[in-house]
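Reader: I have just opened this structure and would like to know where its labels come from. Could you walk me through them?

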Amino acid sequence: MAEGDGLSRFMAQRSTSGRARGGRRPSGALLGVAPFFVYTTVFLIIPTLVVVVGAFFTPQGRPTTAYVQTLTEPVFLEALKKSVLLSFYSAVIAGVVGGLLAYAISTAKPNGLLKRFVTSLSGVLAQFGGVALAFAFIASFGFTGLLTTWLGKAGLDLSGSLWLYEWDKGLLLVYLYFQIPLMVIVFLPAVEGIRSQWREATETLGGTTWTFWRKVGLPILAPSFAGALLLLFTNAFSAYATAAALITQASPLVPQQIASTFSSEVLLGQENVGKAMALAMVVVVAIAMAIYALIDRRASKWLQR
Amino acid sequence: MSRVRTRIAAISLAGLTAFSLAACSAPTDESTSSSNAGSGSGAAGGKDAKSATSAADMGGMDKLVAAAKKEGALNVIALPPDWANYKEILEGFQKKYPEIKITSAQPDASSADEIAAAKRLKGQKTAPDVFDLGTAVALANTSMFAPYKVEKFDKIPAANKEATGLWVNDYAGLMTVGYDSAKVPAPTSLADLAKPEYKGKVALNGDPTKAGAAFVAVQMVSVNEGGAVDDPAKGIEYFKKLKSAGNFLPIDPTPATIESGQTPVVFDWSYNQTAIPAKVKTWELWSPPKALKTFYNQAVNKDAPHPAAARLFQEYLFSPEGQNAWLKGGATPVLMDAMTADGTIDKTAAAALPKAEDVTIPTPDQTDKAKGILATAWPKAMG
């Protein structure tokens, strides 16, 4: 059958159903989604417009590309590189560790204590970011932190070590603290979707565990895994409070640089440069989301078959 | 301590948007109904408080006090209690005028945040009434100030004020190095701080591209290292050296980090450090041979919701009481010389002020030039 037939039939169905129910349906439906539109307008569309307008217009309202041009400066590019790398590393490490953890939990008893404990713990820890988390790490690993003191007593002197305050060491570790639990939460449904019958089928056909994973398990999980990685990436990319609380003497990441354009008492009049930087972040996140949408479409097609 | 610490708590990434910025406004519990007296009113004879450029305009101090009491509230912003003894100043004002309820918002905000808050809250009764600003921010925002001359205005040296009273220097600090003598040896030169004894122990109050105090610290080091006030390159080079030696501590010092021993050596204003020995007995101050001194500035918000109270607060700050409170906090009040002459100075506090021989006060031009260089060179060297 030609595709056109299906489409026209679909259209016809749609129009009849619309006519049959009269004019009331659209208005009622609109009323129902109105809060959603208000929400997205207030919290998504207007802020995005503020950023875009601020990036391309001077405070006096003249169009300019000067702010966007500052994005080519090495200081910003370096921060963007660090932001992207930190998000990427933390997403990949958390993806692998969290993914294995999720699989381990999925094999546990469905309503067993272990599973309930780990999932609820992950739920809490995935939200445990920001200043509180940074403080916890400073209290443990800082110069006078508990663990630093203990290790010092055991003969391992870390008191002069600055690793905790470096973006690619301390910050990465701190990010993993909320990224791994988040991975467990978002990936668990996918690994739970693997049915034991598939494995039995593989074995019946003479396959080994390795064959099962290579030919069945991993290909099925791959789209969800990639999607989860992108989610973790954007989660880390937009994180701010944790980094700001931990690293106060420099602004290695883009969100920190944006903050300093707004509150610096040394370099003034940088607000619109901050908006241009925010625009760059929007672009990066948009790319990640576009890839996510692509993967998601492929994955859902796969799962329908 | 560093007024910039705060971005952490206050501004999230979402804070970029106009909306959430509005959300981090000050606590708004203005209890007294009399605060409705609000903008424009408060004229108790003579001129309206909003346009009064002196107490005489209002019909004398008594009328100003009466108008301020009628307003019943004063909003201040970015005044940390541990900064230049502001705790005592606010308490002193409160005690003298118990009818005026002080609301202190965002104590740790930066000077730039003060201006942003005033713009955002314009027309609301939670907007800040008065500002305490770094020079750069003050000079860039004079259009937001109401000219006001305190009774002692003529005693303030001409270089320390705007002729019409738009802004006035209020207090100055010396950039000093504080250290815990129980934890580190006494430094005798800046080069000492790069030695292994100071590994992981030297902190700067803020990021110099954001915090005024840290910026002046870099300037001060530069002057002592053979550079100039307007060229911070030598200062940046010095801190880069400290960093590569592992001595530079990337922590923002606060009284808490000092007390807990996390920041044993701190570059900061003298007035943020003189109160520390009360808690850490072994805390000492050291100044390199060439000292740097800069003033903060006081101004009245043009759109102050409590214009009379704002003006009364200025009178209090520049009265012997207010000036001596700053002095007790280790800051040099702008009326120091005048008060020494007329004998109203607190002699004990004056004697305790950190001494300096060779003092430079950077001009706005020098500061601007230094900033231009620092903005790109600092992140490159320290990133």
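Author: Gladly; below, labels are set against their cut-offs, one at a time.

Author: Please keep in mind that this is a predicted model.

Reader: What is the mean pLDDT of chain A, and where is confidence lowest and highest?

Author: Chain A has a mean pLDDT of 83, and 88% of its residues reach 70 or more. Confidence is lowest in helix α1 (residues 3-20) of chain A, with a mean of 43, and highest in helix α4 (residues 74-106) of chain A, at 94. Over residues 1-23 of chain A the pLDDT is below 50, and beyond near neighbours in sequence this stretch has one contact in the model. Where pLDDT is low, the predicted coordinates should not be read in detail.

Reader: Which kinds of secondary structure do chain A and chain B hold?

Author: Chain A comes to 13 helices and zero strands, whereas chain B has 14 helices and 12 strands. As for burial, 39% of the 305 residues of chain A count as buried, and in chain B 57% of the 383 residues do.

Reader: Why is Phe131(B) called buried?

Author: The label needs a relative accessible area under 20%. Phe131(B) has 0%, so Phe131(B) is buried. This residue lies in strand β3 (residues 130-133) of chain B. Leaving out residues up to four places away in sequence, Phe131(B) touches several others, including Ile115(B), Met144(B), Phe145(B) and Asn301(B).

Reader: What makes Lys195(B) and Asp192(B) a salt bridge?

Author: The cut-off is a side-chain nitrogen of Lys or Arg within 4 Å of a carboxyl oxygen of Asp or Glu. Here N to O is 3.0 Å, so the pair counts as a salt bridge. At 38% relative accessibility, Lys195(B) falls between 20% and 50% and is therefore partly exposed. Asp192(B), at 9%, is under 20% and therefore buried.

Reader: How do you know that Glu192(A) and Lys115(A) form one too?

Author: Their closest N and O atoms are 2.4 Å apart, which is within 4 Å, so the label applies. The pair links distant parts of the chain, as Glu192(A) is in helix α8 (residues 170-192) of chain A and Lys115(A) is in helix α5 (residues 113-126) of chain A, 77 residues apart. Glu192(A) is partly exposed at 39%, while Lys115(A) is buried at 11%.

Reader: And what links Glu78(A), Lys81(A) and Lys82(A)?

Author: Those three are linked in a network of salt bridges. In one of these, Lys81(A) pairs with Glu78(A), with the closest N and O atoms 4.0 Å apart. Both residues lie in helix α4 of chain A, three residues apart, about one turn of the helix. Lys81(A) counts as partly exposed at 46%, and so does Glu78(A) at 34%.

Notes: Residues are numbered from 1 along each chain as its sequence is written. Chains are lettered from A and ligands numbered from 1 in the order in which they are written. This is a predicted model: local features need pLDDT of at least 70, side-chain atom pairs count only at pLDDT 80 or more; totals for chains, interfaces and linings use all residues. Side-chain values use heavy atoms; hydrogens and water are left out. pLDDT is the predictor's confidence in each residue, from 0 to 100. Helices (H or I, at least four residues) and strands (E, at least two) are DSSP runs, numbered from the N terminus. Contact means heavy atoms within 4.5 Å. Buried means under 20% relative accessible area, exposed over 50%, partly exposed in between (1.4 Å probe, protein chains only).
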